[in-house]
Amino acid sequence: MSSLPELEGLRVRGRWPLPPGHRVAVVGARRPTPYGEAVAERLAGDLAQLGVLVLSGLALGIDGAAHRGALAAGGCTAAVLGTGVDVIYPRSHSGLAEQILAQGGCLISQFPDRTPPQRANFPRRNGTIAGLVDIVVVVEAGLGSGALITAEAALSLGKPVLAVPGSVFSPLSVGCHQLLRDGAGLVQNARDVVAELGGDLAVLDDPLQPPASLGLERQSELGRDPLLAYLSDSLPAEVGHLAARLQLPLSETIARLSRLELEGAVRRWGGGYVRLPRGGGRPSARR
């Protein structure tokens, strides 16, 4: 089994070395479907509850959903950056990065401090993700997706690659279906991943349970968390602004928003958060 030279001299913010136990990368498209985003959140959360450390790349889409899912489940997660460890990209994930650190996770980079986001850095970052984990799980990836680079790097290191099947109508399913056609393991739930890790959980054909953020199991009411009173159903509120208005630490505000999002009460929209109408659905159009 070969090794990656990039794993030497890593720069880290937060907990290091990584905690003992299994590590799984959950990666995928930057512009996923609601299905893909929901799968990543639920799968990462279920893995975190089973004691698995979830790694991803802090990117928009599947990466962010995986980090949020692990955090919402009370686990810790690690983000591997394509920038310097002191440069958060995208900037909209600055709050997410702070929550990762606050919950005992870490930010990792192979690049010098103050390195800005550059296109050539991200394929190298994807290889580093593969080098740090036991298994790579791909959730939605079109042809040419960076997630497929992560999968290829894992295979070159002799590590298993698993993929989540998707709609045959979606171009974001093509990459995952190609991986499955080439022999990748199929993922329906966290047990499939744990079984590949050699765990003692029986593999079941149970489908992954959808998170409440899909609006299928709405539980939150306005009276449950006062934070909801500060949210509009059409104008996004930025996390830092909410924290200031509520006089709360940023980490606590993010944690409460993440919980409310999983419950289907709020949704990220336009760089902030909006309150969802009862029963879930899309935010109201601006008038």
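In α1, residues G36, E37, A40, E41, A44, G45 and A48 meet I62, A65, A66, R68, G69 and A70 of α2. By class, that contact has 7 nonpolar, 3 polar and 3 charged residues. This is a predicted model, so please hear everything that follows with that in mind. The axes of α1 and α2, the latter spanning residues 62-72, come within 7 Å and cross at roughly 35°. The crossing is right-handed.

Next, the helix pairs that involve α9. What angle do α3 and α9 make where they cross? Roughly 100°, with the axes coming within 9 Å. The two helices are therefore roughly perpendicular to each other. On the α3 side the contact residues are G95, L96, E98, Q99 and A102. On the α9 side they are L250, S251, I254, A255 and S258. The classes in this contact are 5 nonpolar, 4 polar and 1 charged.

Helix α9, residues 250-262, also packs with α8, residues 239-246; their axes come within 9 Å and cross at roughly 110°. That makes α8 roughly perpendicular to α9. The crossing of these two helices is right-handed. V239, G240, L242 and A243 in α8 meet L250, T253, I254 and L257 in α9. This contact divides into 6 nonpolar, 2 polar and no charged residues.

Now the pocket. The largest pocket holds about 820 Å³ of space. Which residues lie nearest its centre? Those are L60, R68, S92, H93 and R268, out of 29 lining residues. R68 has come up already: in α2, R68 is one of the residues that α1 meets. The elements that each supply at least two residues of the lining are α1, α3, α9, β9 and β10. For reference, α1 is 34-49, α3 is 94-102, β9 is 266-269 and β10 is 272-275. By class, the pocket lining has 9 nonpolar, 11 polar and 9 charged residues.

W16 and P17 are joined by a cis peptide bond, with omega about 5°. P17 sits in the loop between β1, residues 11-14, and β2, residues 23-28. A cis peptide bond also joins Y89 and P90, where omega is about 0°. P90 is in the loop between β4, residues 77-81, and α3. Then there is R114, a residue other than glycine with a positive phi, near 70°. R114 is found in the loop between β5, residues 106-109, and α4, residues 121-132.

To recap the helix pairs: α1 and α2 cross at roughly 35°, α3 and α9 at roughly 100°, and α8 and α9 at roughly 110°.

Terms used. Residues numbered from 1 in each chain as written. Predicted model: local features only at pLDDT ≥ 70, side-chain atom pairs only at ≥ 80, totals over all residues. Heavy atoms only, no water. Axes fitted to C-alpha atoms, helices over the stretch in contact; angles between N-to-C directions. Helix = DSSP H or I, 4+ residues; strand = E, 2+ residues; numbered from the N terminus. Parallel < 35°, antiparallel > 145°, perpendicular 65-115°, else oblique. Left-handed = near helix turned anticlockwise from the far one by under 90°. Contact = heavy atoms within 4.5 Å. Nonpolar A, V, L, I, M, F, W, Y, C, P; charged D, E, K, R; others polar. 1 Å grid on protein atoms, 1.4 Å probe; cavity = no way out; pocket = protein on both sides within 12 Å on 5 of 7 lines; lining within 4 Å. Points joined across faces, edges and corners; volume = space filled by probe spheres on them.
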